[in-house]
Amino acid sequence: MSNKQAEHDRLVALLNAANFAYFNGKESHVSEPVRDQLKQQLIALEAANPELISPKSPTQRVGAPLGGRLPKVPHLTRKWSLSDAFDIDELREWTTRMERETGRKIELSIEPKIDGINATLHYENGVLTRAVTRGNGQIGEDITHAIRTISGLPLTLSEPVTAELTGEVYIRKDDFATLKGEQFANPRNLAAGSVRLLDPKIISKRHLRMRVYHLGQHNMATPPATQTALYDWLQAMQIPSLAPVWVGANAEEAINFCAGFASQRDQFPFEIDGLVLKVHDLETREQIGFTAKVARGAIAWKFPPTEAVTRLKAVMWQVGRTGVLTPVAELVPVLVDGSRVSRAILHNRVDMKNKDLRLGDHVVLVKAGDVIPAIEKPLKELRDGTEKQIEIPQDCPNCTAVLAEDEMRLRCENINCSAQLQARVHWEGVGYGWTGSKNGRITIAKWAC
Ligand SMILES: [Zn+2]
């Protein structure tokens with residue numbers, strides 16, 4: 001088997017397992033941003049090697065793998081997902097494409113993207129008859145019993161409308177805080193797990209909520225013309241919805257709005273993981289249509305993730321001003337929380353050993369607040385056998401003095417070690433790292449700390 005084929009197989013296996021966990025409310029060791037990033041890697045690998053594409057690849061499937069417990073029901077109309085934009089250039093490409101295809105400047109609207117479970121409601125003659133998860137876009141799971149527990153959602157409407165309404169089912173952050181005993185990592189996981197419970201009495205204790213943002217098939221003579229009009233109509237029907245946070249025809253302003261919004265994400269009572277940028281006029285959006293996998297008239301802007309996956313290239317040993325050696329990971333540069341990162345903290349050699357880190361590993365990088373990112377763990381399933389053990393130095397990589405060691409740390413005890421002296425001079429702003437090589441040659445690396 002070729003290397004590329006093996007790499008493809010590993011990525012597909014990891015992503016399929018992570019997707020199943022994600023869509024079925026199970027715990028996964030791969031977070032959503034890491035899953036997104038690995039999927040982009042897989043897309044790039046398949047673009048360069050199209051012969052690798054196979055039906056089992058998650059790039060070939062729309063939506064979610066289905067679990068086994070709930071009845072499966074077909075959707076009335078195909079349910080599309082959205083493509084994701086992770087950087088401003090992708091957003092700009094999309095707005096340019098929309099303008100080119102419609103031949104004019106078009107009105108756009110922006111909504112918060114709730115991090116919840118996608119579901120579609122069927123109202124028949126004004127009565128809620130069914131609720132279905134997106135599933136694979138053609139067939140979803142019947143979650144009517146769970147949706148009926150949402151007290152804010154009307155079971156009957158004031159008009160005898162027949163309509164398919166799609167939105168997001170979620171659990172508020174404050175409700176999640178009081179439900180902490182349920183041992184789910186985040187509100188989204190708890191919501192995904194809750195809609196799949198069978199007993200409505202238990203589900204009702206989870207305080208599910210829903211916001212609707214899309215009108216599918218319907219029998220209205222004069223349907224709402226824009227996203228704002230849809231919001232107004234939903235309000236009139238007392239169906240919880242999401243008001244656009246921005247509407248306008250200036251694409252560049254829309255892009256700037258998206259780029260600057262991440263800092264406001266905490267103002268919502270629910271978790272949001274981005275914004276959705278839409279063609280505001282519903283008929284134009286419909287005309288723009290779909291690809292095999294996604295609706296083209298809208299795009300999801302994902303906030304910069306605070307987690308990323310990259311490769312561990314080398315470990316440098318930095319000699320500090322007290323002689324303690326700190327391992328510093330050298331990484332293939334990657335964007336985390338909007339900034340480019342090529343080095344990360346490894347706490348000590350015991351931490352490194354516990355995590356079973358190897359050179360060449362795919363590693364998950366986490367940035368908490370403004371601190372230097374740390375390596376959380378390696379993704380062992382992506383190893384190809386070329387990874388190497390990390391060598392622990394016996395001698396000071398700077399002055400070659402034999403190192404003293406306690407449980408956690410290695411220390412150079414040579415008080416004349418020039419690395420320590422320099423670190424003392426520079427410790428307020430800049431740190432120096434020394435890496436030793438087997439032939440005794442010493443290279444100096446420098447970074448702002
Ligand atoms: Zn030394």
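Colleague: Which domains does the domain assignment give for the chain?

Modeller: Domain bounds come from an automatic or database domain assignment. Here that assignment gives domain 1 (3–60), domain 2 (72–302) and domain 3 (307–448). Residues are numbered from 1 along each chain as its sequence is written. Keep in mind that this is a predicted model: local features need pLDDT of at least 70, side-chain atom pairs count only at pLDDT 80 or more, and totals for chains, interfaces and linings use all residues.

Colleague: How many residues of domain 1 are in contact with domain 3?

Modeller: Two residues are in contact if their C-beta atoms, placed from the backbone, lie within 7 Å. By that rule, 10 residues of domain 1 meet eight residues of domain 3. On the domain 1 side, helix 1 gives the largest share, five residues. Helices here are DSSP runs of H or I with at least four residues, and strands are runs of E with at least two, both numbered from the N terminus.

Colleague: Which residues touch the most other members of the largest nonpolar core?

Modeller: In soluble globular proteins, nonpolar side chains tend to be buried together. A nonpolar core is a set of buried Ala, Val, Leu, Ile, Met, Phe, Trp, Tyr and Cys residues joined through C-beta atoms within 7 Å. "Buried" takes 20 or more other C-beta atoms within 10 Å of a residue's own, "exposed" 12 or fewer, and "partly exposed" lies in between, with C-beta atoms placed from the backbone. The largest core has 71 residues, and Ala 119, Ile 143, Ile 147, Val 169, Ala 191, Val 195 and Leu 365 touch the most other members. Helix 1 (residues 3–23) gives the most to this core, with seven residues. Apart from it lies another core of 18 residues, including Cys 258 and Val 276.

Colleague: Which residues of helix 3 are buried?

Modeller: An α-helix has 3.6 residues a turn, so residues three or four places apart point the same way. In helix 3 (residues 88–102), the buried ones are Leu 91, Trp 94, Thr 95 and Met 98. Seen down the helix 3 axis, they fall within an arc of 95° (taken from the directions from the axis to the C-beta atoms), so they line one face of the helix. On the other side, Asp 89, Thr 96 and Arg 100 are exposed.

Colleague: What do those buried residues of helix 3 pack against?

Modeller: Their partners are strand 2 (81–85), helix 9 (251–259), strand 10 (272–279), helix 10 (282–288) and strand 11 (294–302).

Terms used:
Expected span 1.5 Å × (residues − 1).
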